[in-house]
Amino acid sequence: FLGGSKAAVQRHALGRGESATGHAPVWILYDATVAAGRALVVAADLARPEARELVVLLPVEAAAGGEPLQGQAAALLGEFALRVRYTVVPTADIAHILDALRDDGCSLVVLHRDEARDPDIAIKALIEQVDCPVVLVS
């Protein structure tokens, strides 16, 4: 791990899919819709009892576009005492999301039901290929 990041070394020391709390994180794809806001609150409720990290994926067209989404998500999560990690992902880059899920592990992926019904092939691939339970929130 020479030259590796501290987080990578910590992940290696803890084992695949475990955070500093010993539990794999809960993942949420947040796109600032009302439905995504409901799903974000459900994800936070699911992460809180076991002090799981909440990983909020922010799908954007350009890397700089993540700040407004992060601010909106942070405002919704203000009442929760959680460790939250925000990750900006290109909208159509499902491979990046799947790689992150495999590298960091997951206990749950939370999506709003509209995302699951969306004809977007990338979301369908995420649901089909992820190696942890997917919770759909209406």
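Two strands are taken to pair if DSSP finds at least two bridges between them. By that criterion, strand β1 (residues 26–29) pairs with β2, for four bridges join the two strands in the parallel sense. The legends below describe close-up views of a predicted model.

**Figure 1. Overview of the chain, which contains six helices and five strands.** In sequence order, the elements follow the pattern α-β-α-β-α-β-α-β-α-α-β. The chain has 138 residues, of which 42% count as buried. Of the contacts with a separation of 6 or more, 74% are accounted for by residues 24 or more positions apart. The chain exposes about 7,300 Å², and carbon and sulfur atoms supply 56% of that area.

**Figure 2. Strand β2 (residues 54–60) and its two neighbouring strands, β1 and β3.** On one side, β2 is joined to β1 by four bridges, and the two strands run parallel. Within this pairing, isoleucine 28 stands opposite valine 56 of β2. Strand β3 (residues 84–90) also pairs with β2 in the parallel sense, over seven bridges. Here leucine 58 is set opposite valine 88 of β3. In a regular strand the side chains alternate between the two faces of the sheet. In β2 both faces are covered: Leu54, Val56, Leu58 and Val60 are buried on one side, and Val55, Leu57 and Pro59 are buried on the other. Seven of the seven residues of β2 are buried, and the strand is therefore largely enclosed by the rest of the structure.

Figure 3. Leaving aside residues up to four places away in sequence, leucine 58 touches Tyr30, Gly66, Leu69, Gln70, Tyr86, Thr87, Val88 and Val89. Among these contacts is Val88, the residue of β3 that stands opposite leucine 58. Proline 68 lies 10 residues from leucine 58 along the chain, and their C-alpha atoms are separated by 9.7 Å.

**Figure 4. Helix α2 (residues 34–47) within a right-handed β-α-β unit.** The unit is made by β1, α2 and β2. Helix α2 has 14 residues and reaches 20 Å from its first C-alpha to its last, close to the 20 Å expected at 1.5 Å a residue. The buried residues of α2 include Ala35, Ala36, Gly37 and Ala39. Leu40, Ala43, Ala44 and Ala47 of the helix are likewise buried.

Figure 5. Most residues other than glycine have a negative phi. Alanine 32 counts as partly exposed because its relative accessibility is 32%. Alanine 51 is also partly exposed, with a relative accessible area of 42%.

**Figure 6. Strand β4 and its parallel pairing with β1 and β5.** Three bridges join β4 to β1, and tryptophan 27 stands opposite valine 109 of β4. Four bridges join β4 to β5, with histidine 112 opposite valine 137 of β5. Both faces of β4 are covered, with Leu108, Val110 and His112 buried on one side and Val109 and Leu111 buried on the other. Because five of the five residues of β4 are buried, this strand is largely enclosed by the rest of the structure.

**Figure 7. The disulfide between cysteine 106 and cysteine 132.** A search of the whole structure finds one disulfide. The sulfur atoms of cysteine 106 and cysteine 132 are 2.0 Å apart. The pair links distant parts of the chain, the two cysteines being 26 residues apart. Cysteine 106 belongs to the loop between α4 (94–104) and β4 (108–112), and cysteine 132 to the loop between α6 (121–129) and β5 (134–137). The torsion about the S-S bond is about -115°, so the disulfide is left-handed. Both cysteine 106 and cysteine 132 are buried.

Technical notes:
Residues are numbered from 1 along each chain as its sequence is written. This is a predicted model: local features need pLDDT of at least 70, side-chain atom pairs count only at pLDDT 80 or more; totals for chains, interfaces and linings use all residues. Side-chain values use heavy atoms; hydrogens and water are left out. Buried means under 20% relative accessible area, exposed over 50%, partly exposed in between (1.4 Å probe, protein chains only). Contact means heavy atoms within 4.5 Å. Accessible areas come from the Shrake-Rupley method with a 1.4 Å probe; for residues, only the protein chains shown count as cover. A disulfide is a pair of cysteine sulfur atoms within 2.5 Å. The expected span of a helix is 1.5 Å times one less than its number of residues. A crossover is right-handed if, with the strands pointing away from the viewer, the path from the first strand over the helix to the second runs clockwise.
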